[in-house]
Amino acid sequence: MKPLPKPLQITVYQDVLCAWCYLADLRLESLKQEFGDILRWRVRPYPLRLHDKRPTEKELRGLTEEVRRAQQEPEPVARLLTTELWQGGDAPRTSVPALAALEAARLQGPTARAYLARAMQRAALEQGVNVTRTDVIFELASRVGLNMGPFSAAYHSEDTRKLILDEHQLAASRGVRGVPTIVIGGRWMVCGLRDAAEYREHILTCIGKLNAPRSGSSERMVH
């Protein structure tokens, strides 16, 4: 009996403060349901704001403009995006605390992480709430039903912060320069927000190449 092929791994690098990542999440969600067990998904942190420092006025203008561009996308949720996160006077200094919270939630299972990520995205990008604040993080974690004792221990652990920094360094060494970025099969990279149909096309192409006889050549697709 022929063994079943291994699932194709797709790594998604994202930042919870990024409107483009929010939209990419929604587009990829339909593909997760469509492909099912053929794919194995892995979501990894890539903080756009790595260092803890106040954004400059120029940076705030750029971040605000990114949201305004994302508002033009066709999804209904795009019209709910707000620039308030970067214009409301309590702009995040760094993405690391929010991403550390997601890694702490991951220890309670991928569903727990997904619920907290979506709650953070909605709070930050639709309501303009600074989700890098510890009080906000714990309120959202409690609201989605996390076990708060283990979550708190993992969130406050220096190991969790180190994991974020190590992941950022590793991703950068592999060519990741921004988010959303998806890496398919460890070999093909797609950068930036794409239509669901384009994501599907890349996935199908990679499935076909992985199942085809190896030619001995190393291929890498960067967009």
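**Reading a predicted fold**

From the N terminus on, the elements of this protein run β-α-β-α-α-α-α-α-α-α-β-β-α, and the model is a predicted one.

Me: How many helices and strands is that?
Reply: Nine helices and four strands.

Me: What makes the protein agree with a compact globule?
Reply: The radius of gyration. For 223 residues, a compact globule would come out near 17 Å, and the protein has 18 Å, so the two agree. As for the box filled by the C-alpha atoms, that's roughly 60 × 40 × 35 Å along the principal axes.

Me: Why is the largest nonpolar core called a core?
Reply: Because its members have to be buried residues of the nonpolar core set, joined through side-chain atoms within 4.5 Å. This one has 67 residues, and those with the most contacts inside it include Leu116, Phe151 and Ile203. Helix H1 (residues 19-35) gives the largest share, nine residues. In general, nonpolar side chains tend to be buried together in soluble globular proteins.

Me: What does Ile203 touch?
Reply: Leaving out residues up to four places away in sequence, Ile203 touches Leu8, Ile10, Leu31, Phe35, Leu39, Trp41 and Ile184. Contact here takes heavy atoms within 4.5 Å, so each of those residues has a heavy atom that close to one of Ile203.

Me: Which residues line the largest pocket, and of what class?
Reply: There are 15, and among the closest to the pocket's centre are Lys32, Val43 and Arg113. By class, the lining has eight charged, five nonpolar and two polar residues. Helix H5 (110-127) brings the largest share, six residues.

Methods:
Residues are numbered from 1 along each chain as its sequence is written. This is a predicted model: local features need pLDDT of at least 70, side-chain atom pairs count only at pLDDT 80 or more; totals for chains, interfaces and linings use all residues. Side-chain values use heavy atoms; hydrogens and water are left out. Buried means under 20% relative accessible area, exposed over 50%, partly exposed in between (1.4 Å probe, protein chains only). Helices (H or I, at least four residues) and strands (E, at least two) are DSSP runs, numbered from the N terminus. On a 1 Å grid over the protein atoms alone, a cavity is a set of points where a 1.4 Å probe fits but cannot get out, and a pocket is an open set with protein on both sides within 12 Å along at least five of seven lines; lining residues have an atom within 4 Å of a point. Ala, Val, Leu, Ile, Met, Phe, Trp, Tyr, Cys and Pro count as nonpolar, Asp, Glu, Lys and Arg as charged, and the others, Gly among them, as polar. The radius of gyration is taken over C-alpha atoms; the globule rule is 2.2 Å times the number of residues to the power 0.38.
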